[in-house]
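Please examine the following protein model together with its sequence.

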Amino acid sequence: MRPAVAASRRLILIDADAWRTVIESRCAARESGGILLGCRHRDGIYVNQFIEVPDPQAQAASYLRLHRPASNALKAVLKTLPQHSPLGYVGEWHTHPAPVGPSGIDKRQARRISRRADDEIALVVAAHNPNSGEWKALGICAHRGRTHLATVEQTDLAPPDNVTETDQQRSQP
Ligand SMILES: [Zn+2]
């Protein structure tokens, strides 16, 4: 049986400055990635920051998010936030050298991570188009072992008006 996909799309809102920062001078020849800092909103996930977690073994089409450096990177960022900040771990991101969204392996990984997370997570792919030189954000959401199609939009509101502090999950699964 195929995993069920929700009829309604989820919405991943990305802080426009964070997006500019992540694609600026990014090397498209080698995949890179890390974890997402943000919070949940009614229709999905808000991404405030792309935290890079280096994978020394990363090649053109493989990025492996390593647990310990990811955990350390998250802790370091959480320490800089105000005490009652709604921001915490909300998912994963990595680059693709071609303009394609999450792969089958990516979706499997998102499902696996979502089984260990208390709440919905996002997987954002920064996909590079070598012809135009442009980067596009594509993503999916996953919750309790199921993936959900998502629309990715940039926002200048930080945090957006529609963000509700429904979740305080600050730890990484
Ligand atoms: Zn991928």
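The protein chain has an average pLDDT of 85, and 84% of the residues score at least 70. Among the elements, strand β6 (residues 135-143) has the highest mean pLDDT, 97, whereas helix α2 (residues 67-79) has the lowest, 90. Over residues 164-171 the pLDDT is below 50, although this stretch has 17 contacts in the model beyond near neighbours in sequence. Where pLDDT is low, the predicted coordinates should not be read in detail.

The secondary structure of the protein chain consists of three helices and seven strands. Along the sequence these elements follow the pattern β-α-β-β-α-β-α-β-β-β. Of the 173 residues, 38% are buried. Among contacts between residues at least 6 apart in sequence, 75% join residues at least 24 apart.

The seven strands form a closed barrel in the order β1-β3-β2-β4-β5-β6-β7, with mixed pairing. On average, neighbouring strands of this sheet are turned by 35° against each other, direction ignored. Helix α1 (residues 16-23) packs on the sheet and touches β1 (10-15), β3 (44-52), β5 (121-128), β6 and β7; its direction makes about 75° with that of β1. Helix α2 also packs on the sheet, where it touches β2 (33-41), β3 and β4 (88-96), and its direction makes about 50° with that of β2.

Strands of a sheet pair through backbone hydrogen bonds, either parallel or antiparallel. Strands β1 and β7 pair in the parallel sense over six bridges, and Leu11 has Thr151 in β7 as its bridge partner. Strands β6 and β7 (residues 146-155), by contrast, pair in the antiparallel sense over four bridges, with Cys141 standing opposite His148 in β7.

Why can β5 be described as largely enclosed by the rest of the structure? Eight of its eight residues are buried, so β5 is largely enclosed. Both of its faces are covered: Ile121, Leu123, Val125 and Ala127 are buried on one side, and Ala122, Val124, Ala126 and His128 are buried on the other. On the β4 side, six bridges join β4 to β5 in a parallel arrangement, and His94 has Val125 in β5 as its bridge partner. The chain passes from β4 through α3 to β5, and this β-α-β crossover is right-handed. On the β6 side, eight bridges join β5 to β6, which run antiparallel; here Ala122 stands opposite Cys141 in β6. These two strands form a hairpin with six residues between them, and Gly133 in the turn has a positive phi of about 80°.

Leaving aside residues up to four places away in sequence, Val124 touches Ile12, Leu36, Val47, Gly91, Trp93, Ala137, Gly139 and Val152.

Val77 is located in helix α2. With 17 other C-beta atoms within 10 Å, Val77 is partly exposed, because a residue counts as buried if 20 or more lie within that distance and as exposed if 12 or fewer do. Beyond residues up to four places away in sequence, Val77 touches Leu37 and Ile51. The C-alpha atoms of Val77 and Ile51 are separated by 8.3 Å, although these residues are 26 apart along the chain.

Asp119 is found in the loop between α3 (104-116) and β5. Asp119 is partly exposed, since 18 other C-beta atoms lie within 10 Å. Arg144 lies in the loop between β6 and β7. Is Arg144 buried or exposed? Arg144 is exposed, because 11 other C-beta atoms lie within 10 Å. The hairpin of β6 and β7 has two residues between the strands, and Arg144 takes a positive phi near 50° there, a positive value in a residue other than glycine.

Terms used. Residues numbered from 1 in each chain as written. Predicted model: local features only at pLDDT ≥ 70, side-chain atom pairs only at ≥ 80, totals over all residues. Contact = placed C-beta atoms within 7 Å. pLDDT = per-residue confidence, 0-100. Pairing = 2+ DSSP bridges. Axes fitted to C-alpha atoms, helices over the stretch in contact; angles between N-to-C directions. Right-handed = clockwise from strand over helix to strand, strands pointing away.
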